[in-house]
Amino acid sequence: MSIWSELIPEFSFEQVFVEPWTEFLDPFIWIFLMGFFVTAACGFLGTFIVWRRMALVGDAISHSVLPGLVIAFLVSQSRDTLPMFLGAVGAGVLTTGLIEVIHQKSRIKTDAALGIVFTTLFAIGVVLVSLYGENVDLDTDCVLYGELEHVTLEPLSSVFGLFEAPGSVIRMGVVSLLVVGLVILFYRPLVVSSFDPGLARSMGMNPAAMHHALMSLLAIVVVSSFEAVGAVLVIAMLIFPGTTASLLSDRLPVILGITLVIAFLGALLGMHFALWLDISTAGAISTVIFGMFLLAWVFAPRRGLLWQVFR
Amino acid sequence: MQEIPLETHDLTVAYDKRPVLYGVDVQVPEGKLVGIVGPNGAGKSTLIKAIMGIVPITGGWVKVFGESFARGAKRVGYVPQRESVDWDFPVNVMDVVLMGRYGRLGLMGRVSKADREIAEACLDKVGMLPYAKRQISNLSGGQQQRVFLARALAQESDLYLMDEPFVGVDAATEAAIIELLRELKGRGKTILVVHHDLPTAQTYFDMLMLLNMRLVAFGPTEEVFTQELLQKTYGGRLTILSEVANTVMKESK
Ligand SMILES: Nc1ncnc2c1ncn2[C@@H]1O[C@H](COP(=O)(O)OP(=O)(O)O)[C@@H](O)[C@H]1O
Ligand SMILES: [Mg+2]
């Protein structure tokens, strides 16, 4: 018993579940929203990435962001958001482009091409950091794990004079809206290009352009989420909501809707868990959405393990 | 003037610089049911994909109804090889058939009630209307093929390209499909069907295209279905050569 009480902090319902929504609403609402926006944008887009069997492209992008950040810093000599963002997205788009080129111009398969490209770019990043390390001042912890809680330290900026929010929360909100909006707008060509690229081409759609647009959007989402959840956990956010939802439904629109519910619950429970156990919020959200995946895997109707056993 | 639904000239296609189709010249007349016949790896699927611009062509040109494929695309319906798509994809039968309408909707258009009614009518034609709400992985091979056929019907095209629609289907489905193809032909549609079974090819099709990397022959079935030409397509040096080429390719991988 004593070991447990040492490992797990005392649970106070008041402190863990009530105060974040009353007295301390100000910092906690930003943590929750940031978590929700990140998980929603990643999960929504990730559903397509998963069904197109490109789950690890997100991994590749998140690792090749490093040289993009360093080069953007060296060129602009500032840590302003815009050059950093452009540098990182540029590196992400370059990654997916290079994977394509290597795959097409040689007999190397996509997975190996992916390994070649992102390790090389990451290595270039490491070299650049060691060369110019003293100037660059990159927080490697942040690169790996993300610092979702940092949003509470940011000054609030006004949105059209309507309300005030931290800059990164606003940006992530815009990115989430962009993702959901674009997917809805281009839903039909996106689905046909994913399910049957041949048919899409024969109808005058351009599945290759679709692929590149999807990859660029993925780069934007990964890079925007990067600061909050880090290079590794962003993969969990990309893959878990879509796979979990796919266990629960076999209609794509429903699956996409469920990913948003998962993002909401994941961010909510994750925030409360992080507060209770005093742990990283990004880690807590990832663990919660993993737990939801596990539940779905075991209990899902028709596709779940129990259903298969007791059918 | 009668339009030529499909014309290719000196069509050449290569994968990784290895040519798989050389100099295919055909002019397919309107209102014919045409079988594309040839051994495995002869380039039958490649021919269809090259016509539709799904794989890039290395040389020559393709015209549908006298225009480039891109311009004529709306008049062409497509049935890919069944195993070319992921049948676990989270869509149901109705979703797949509605995809046949997407080519007409443009980027922003919405699926209308009329589109749904057309899709339902097409499903009914292939006997799959009761399955409209089924997820596509919960279908037999024959049912999946019928769904693809319904989707092509929903495209309301004048030229249809079908890749092995009879593979893995039961006898009843095969009979139903051939019935449907004849009905389409009766309405003046032109249909190209990749087929690998020689005895039925002779009875199903008005015209045959014998293909083995090159076009061996193209003409009315009774003229083309001869021992000599079939030998040339299946048993001749060409096959042996391509088999040798294949083995060499595999070993060098
Ligand atoms: N995407 C591809 N990349 C490389 N080679 C291919 C590709 N698709 C088909 N091939 C090769 O092209 C040849 C013709 O293939 P295909 O058109 O599928 O033949 P068929 O449909 O007549 O069986 C085969 O040797 C096949 O291995
Ligand atoms: Mg084939």
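## Burial and fold of chain B

Of the 253 residues in chain B, 43% are buried (20 or more other C-beta atoms, placed from the backbone, within 10 Å of the residue's own). This is a predicted model, in which local features need pLDDT of at least 70 and side-chain atom pairs count only at pLDDT 80 or more, while totals for chains, interfaces and linings use all residues. Residues are numbered from 1 along each chain as its sequence is written, and chains are lettered from A and ligands numbered from 1 in written order.

Chain B contains 10 helices and 9 strands (DSSP runs of H or I with at least four residues, and of E with at least two, numbered from the N terminus). Its radius of gyration is 18 Å, close to the 18 Å of the globule rule for 253 residues, so chain B is as compact as a globular protein of that length; the radius is taken over C-alpha atoms, and the rule is 2.2 Å times the number of residues to the power 0.38. The C-alpha trace of chain B spans about 55 × 45 × 35 Å along its principal axes.

## Interface between chains A and B

The interface brings 18 residues of chain A into contact with 22 residues of chain B (C-beta atoms, placed from the backbone, within 7 Å). On the chain A side, two or more residues each come from helix H9 (187-195), helix H10 (197-202) and helix H12 (252-277).

## Surroundings of ligand 1

The residues around ligand 1 include Tyr15(B), Asp16(B), Lys44(B), Ser45(B) and Thr46(B) (C-beta atom, placed from the backbone, within 6 Å). Helix H1 (residues 44-51) of chain B gives the most to this shell, with 3 residues.

Terms used
Contact = placed C-beta atoms within 7 Å. Buried ≥ 20, exposed ≤ 12 C-beta atoms within 10 Å, placed from the backbone.
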